[in-house]
Amino acid sequence: MFVVATAGHVDHGKSSLVRALTGRDPDRYAEEKRRGLTIDLGYAWTELPGVGAVAFVDVPGHERFVPTMLAGVGPVPVAVFVVAADGGWMPQSAEHLAALDALGVRHGVLVVTRADLADPEPARRAALAELRGSSLGDVPAVACSVVTGAGLEDVRRVLADVLRSLPAPDAGAPVRFWVDRSFSVTGAGTVVTGTLPAGSIAVGDELVLGERTVHVRGVQSLEQPVERAAAVARVALNLRGVDRRDVRRGDALLTPGTHLPTDVVDVRVPGEVPAELVVHLGSAAVPARVRPLEGDLVRLQLRTALPLVVGDRLLLRDPARHEVLGAAAVLDVDPPPLQRRGAARARAAELADVTGPDLAGELRRRRLVRGRRLRAMGVPVAGTPVAGDWYADPDFWAGRREQLRTVVRAFAAANPLQPGPSLEQTRRLLGLPDLDLVTALVQDPLRVREGRVVERTDDLPPAVEKSVAAVLTDLAREPFLAPDVERLRDLRLGRSELAAAVRAGRLERVAEGIVLAPGFRDRAVEALSRVPQPFSTSEARRALGTSRRVAVPLLEALDAAGRTVRDADDRRRLTGR
């Protein structure tokens, strides 16, 4: 399906044109019919040869209803711009064109109506001159009369030609469905309508509406039920999980995890703007306060959060002067606070070269950010994350890796007998939000051991090294006679010192308070191989030349290593391993 908006200033002429083309009346209210004045958005559709279904959104032309007009044309990619032969170009025509230009609408048709009442050529020439300077550029123009029917077939033909030239919409894009009507249907519940500009919606889909999740119970397009509606289309959705009073024009239904709801946004504006204005996007209209940054860069404080992405075009309107100011380009939907003196100028310098979504630029400014947040901001994500779903600026990441080495070495200098800072201590010292990031930063000569970041080193403090050397000298004479408590006390080898020696590989722990030289298991197996198999604990103790205090845990260590096996009578034998 194709969707077009009829814009311009001639309410009676626009609605009559839509009726003549579709056979359906877009004016829904008796007041509209009585006054010949479009007050709200109207909808109608028809079939065009070679094109298929075409839906029309008829928007108000009167200046009092410009916000309503913007809600109708916001999501629509094609405009049928209407002027009257007997009226020509009007001030309201200029405002409608300014809105289409700000929205970036690039496809359209000029239709000069009421050609039975006046020569359409002057109005056609004047309108084309105005349109040529906008985003619409050079558009085909057709004159017609809905009274006589002259030119209506030309309108259909030219509109079909334009529609056939449109680029294919992205049916796989995330959904941002702007609601333009909300009502209740007996037996069905809440129904919303709108124009789907990209993506698709199917029965059973989950969509996000503000803080809640809603389910799509039913989908209709052009009053016909469908399993799935794909862009571009006029769509009605029957929703479960929301009351009609909780959804209104200007709300958006979103694919979960896409589009960042924000009430603060940094933008590039088309020129000088007032301190207060109204922001239009889709069918939404939100008042905003302006904080200048520098030059054409400003920060908008929105009264109500909007689901935005980087690269969005926001139409700005001055409600006091009833004037469309142009479009603001969204540069950042999650900007940092401006708290320090000179922060606004520094922020402007950061954004000076930003033109749209850019992963490298976002990482440079944010340093570290989750991929899912980048995607919600509308920034394409590529490459490999540094950890989990985290992406980092390369310079920032390299700096944190260097800082990690400094942190570990500083900790070791201040705590020579402790293994290293814990992962949580390290995370806080580096100012990182996730323990996985600390682990990802670790590389040789650093390593993670028992939940701590340590540097691989054989060095011990000189005093500890001297005492360990004395223990090793003792063990060289009697390899299984571990130093007792008195000997360790004399050498000032407490629990921390012994742990440091074990970490350095200078001693091996047999049990609490019992240490032997590295390789004690192999030496013990060699000694026990000369004992008749199986052997008792006493026989092992004598073969090893040690005390029962050492023999029992040593044999248990051999059991645990699979070097010995214990029989039912509490005797052991070597396994040959």
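Helices (H or I, at least four residues) and strands (E, at least two) are DSSP runs, numbered from the N terminus. With that rule in hand, here are the notes.

1. **What kind of model this is.** This is a predicted model: local features need pLDDT of at least 70, side-chain atom pairs count only at pLDDT 80 or more, and totals for chains, interfaces and linings use all residues. Residues are numbered from 1 along each chain as its sequence is written, and side-chain values use heavy atoms, with hydrogens and water left out.

2. **A cis bond at Val232.** Val232 sits in the loop between β13 (228–230) and β14 (233–240). The peptide bond joining Ala231 to Val232 is cis, with omega about -5°. Most residues other than glycine have a negative phi, and most peptide bonds are trans. Check this spot by eye.

3. **A cis bond at Pro445.** Asp444 and Pro445 are also joined by a cis peptide bond, with omega about 15°. Pro445 lies in the loop between α12 (435–441) and β24 (446–449).

4. **Positive phi angles.** Arg114 is not a glycine, yet its phi is positive, about 60°. Arg114 belongs to the loop between β5 (107–113) and α5 (120–132). Glu223 is not a glycine either, and has a positive phi of about 65°. Its loop runs between β11 (212–221) and β12 (224–226). Now for accessibility: buried means under 20% relative accessible area, exposed over 50%, and partly exposed in between (1.4 Å probe, protein chains only). Arg114 is partly exposed at 28%, while Glu223 is exposed at 57%.

5. Two strands pair if DSSP finds at least two bridges between them. Here 6 strands close into a barrel, in the order β16-β19-β18-β17-β20-β21, with antiparallel pairing. Neighbouring strands of this sheet are turned by 40° against each other on average, direction ignored. Axes are lines fitted to C-alpha atoms, for helices over the stretch in contact, and angles run from 0 to 180 degrees between N-to-C directions.

6. Strand β17 (residues 276–281) pairs with strand β20 (residues 313–318) over 3 bridges, in the antiparallel sense. Val279 has Leu316 in β20 as its bridge partner. Helix α4 (residues 91–103) packs on the sheet and touches β20 and β21 (323–332). The direction of α4 makes about 150° with that of β20. Helix α7 (residues 343–351) also packs on the sheet, touching β16 (260–268), β18 (284–294), β19 (297–308) and β21. The direction of α7 makes about 105° with that of β18.

7. **Strand β16.** How many residues of β16 are buried? The count is 7 of the 9, so β16 is largely enclosed by the rest of the structure. β16 pairs with β19 over 8 antiparallel bridges. Pro261 stands opposite Pro307 in β19. β16 also runs antiparallel to β21, joined by 3 bridges. Val267 has Val330 in β21 as its bridge partner.

8. **Helices α16 and α18.** Helix α16 (residues 520–528) packs against helix α18 (residues 548–560) at about 100°, with their axes 11 Å apart. That makes α16 roughly perpendicular to α18. Angles under 35 degrees count as roughly parallel, over 145 as roughly antiparallel, 65 to 115 as roughly perpendicular and the rest as oblique. Contact means heavy atoms within 4.5 Å. Residues of α16 that meet α18 include Phe520 and Leu528. Among their partners in α18 are Leu554 and Leu558.

9. **Helices α17 and α18.** The axes of helix α17 (residues 537–544) and α18 come within 10 Å and cross at roughly 110°. That makes α17 roughly perpendicular to α18. Thr537, Ala540, Arg541 and Leu544 in α17 meet α18 residues that include Arg548 and Val552.

10. **An aromatic pair.** Rings of Phe, Tyr and Trp (its six-membered ring) pair if their centres lie within 6.5 Å; planes under 30 degrees apart count as stacked, over 60 as edge-to-face and the rest as tilted. The count by this rule is 1 aromatic pair. Phe81 and Trp89 form it, stacked, at 5.6 Å centre to centre with 15° between the planes. Phe81 is buried at 1%, whereas Trp89 is partly exposed at 21%.
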